[in-house]
Structure formats: C-alpha cells, structure tokens
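My notes follow the order in which I checked them.

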Amino acid sequence: MPQDTQSSSDSLAAIRELEHKIFELTEQLNAMRRDAIGAPIPDYPFQTLEGPRRLSELFGGRDKLLAIHNMGQGCRYCTLWADGINGFLPHLESELAVVLLSKDPPAVQRGFANARGWRFRLASHGGGDYIREQSTAPGVDNMPGAVLYELDNGTVLRKNAVVFGPGDMFCSAWNLLALAGFSADNWTPQFGYWQRPVTLDDGGLNVLE
C-alpha cells in the first residue's frame, strides 16, 4: 500500500476512534444531566407582548422549561443557534415548554423573530437580575446558551445549563462546516447571504443594504 494511502487510512481510523470516544463521553454526560438535582431560584419577572409574566408562568402548564438565552437581534451567532433550534422546535415542545429570552423589548423581539421565521414564545429580561444571576456562565452577563428549569409545587428549580459557542453540540452547522475545514477562525454567520451583483438586471434602484 502506498505511504500516502496508508497515512490517509490511519488518519480516518483515528478520526473514527475519537468520534466513538466522544459519543461514549456524551452518553456519560447526558446520564449525569438526567441525575442532576435542581436548585431553587427566584421567580423572576419578564416582559412579553401579552404583559408581565413570572418565570413560573412561562412553563405554560408543563413541568419542564427550556430557556434559550439569546443576546438579542444584534448577535449573528445567537441568531445562528436560534435558526437551528427553531427547525426542531415542534419536537422539543412535544415534551417541554420552550421560550427564547433576550434583553430586547418584546416588540423588537417579535419583529426580529418574524423576520427570521421563528416560532418561539418570547420573553424579555431587559438585561436585569435574571440574566446576571442565571447566566449560563457564572459571572458573565448575557452569555448565550440554554437553561433547563423544572417546576416543583410552584418552586422553580434550575437543573442544567449549557453555554453556546462555535463547535458545540447544540448547533449542527458548525460540525457540518468542520467537515469542510471551516471553523470560527475562517467563517462568521451572517443575517443574510445575498451578495449584490455588480450589475442588476432590474436597474438596481431602491436596494436595501
């Protein structure tokens, strides 16, 4: 077997072995998450288009709530994560309540969500106590991620939390791009991918940049 062919075969075998190890470690991690004991937290206030709501009210009659921490309409990375999660939102909502939280006012949240085609329920923490005290990364305000809450006899329990970041398991786009050699070092998500041609066949008037 030629040396370059052998090297390629060895590299693929090493990749498969590492993938298997990651799969096993992920299974262990998920088992630990299932066994985690929730800690009680305050019933924080939020603003919605329907008026003020407490965290406990965002459960919508369910006993589990997945809170997506989004930095707001100004973050392309948070938008990428929400775009992906929105695609399988019906599957998530078959088992638990889901809400997207950000600092943006409710009307701004809804306008941006509509522009992206998001179907999330939305609530605004306004950058207050909630995001400072319940950040997915302690000591870091407004860190993107997700928190799983449980409701136990009216008490809200924080059970699990994760930080969102390039290459994580919560946004498949990064892992698919990685197959082609792209990473956060050479690829940045955008709000739109249309590139204006040098010459427009329609005359080029009134183009919104």
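I take helices (H or I, at least four residues) and strands (E, at least two) as DSSP runs, numbered from the N terminus. Residues are numbered from 1 along each chain as its sequence is written. The model is predicted, so I kept to its limits: local features need pLDDT of at least 70, side-chain atom pairs count only at pLDDT 80 or more, totals for chains, interfaces and linings use all residues, and side-chain values use heavy atoms, with hydrogens and water left out.

**Loop residue Asn 142**

I looked up Asn 142 and found it in the loop between helix H5 (129-133) and strand S7 (145-152). Is Asn 142 buried or exposed? I call a residue buried under 20% relative accessible area, exposed over 50%, and partly exposed in between (1.4 Å probe, protein chains only). Asn 142 has a relative accessible area of 14%, so it is buried. I then listed its contacts (heavy atoms within 4.5 Å). Leaving aside neighbours within four places in sequence, Asn 142 touches Asn 70, Met 71, Lys 103, His 125 and Ile 131. I noted its phi too: near 60°, a positive value in a residue other than glycine.

**Loop residue Asn 153**

Asn 153 sits in the loop between S7 and strand S8 (155-163). Its phi is also positive, about 50°, although Asn 153 is not a glycine. Asn 153 is exposed because its relative accessible area is 79%.

**Whole fold**

I counted six helices and eight strands. Along the sequence I read the pattern α-β-β-β-β-α-α-β-α-β-α-β-β-α. The C-alpha atoms fill a box of roughly 65 × 60 × 35 Å along the principal axes. Of the 209 residues, 34% count as buried. Among contacts with a separation of 6 or more, residues 24 or more positions apart account for 61%.

Grid points are joined across faces, edges and corners, and a volume is the space filled by probe spheres set on the points. How many cavities of 30 Å³ or more does the whole structure hold? The search finds one. The lining includes Asn 70, Leu 100, Phe 112 and Trp 118. Strand S5 (97-102) and helix H4 (106-116) are the elements that give two or more residues to this lining. H4 gives the most, with three residues.

Notes:
On a 1 Å grid over the protein atoms alone, a cavity is a set of points where a 1.4 Å probe fits but cannot get out, and a pocket is an open set with protein on both sides within 12 Å along at least five of seven lines; lining residues have an atom within 4 Å of a point.
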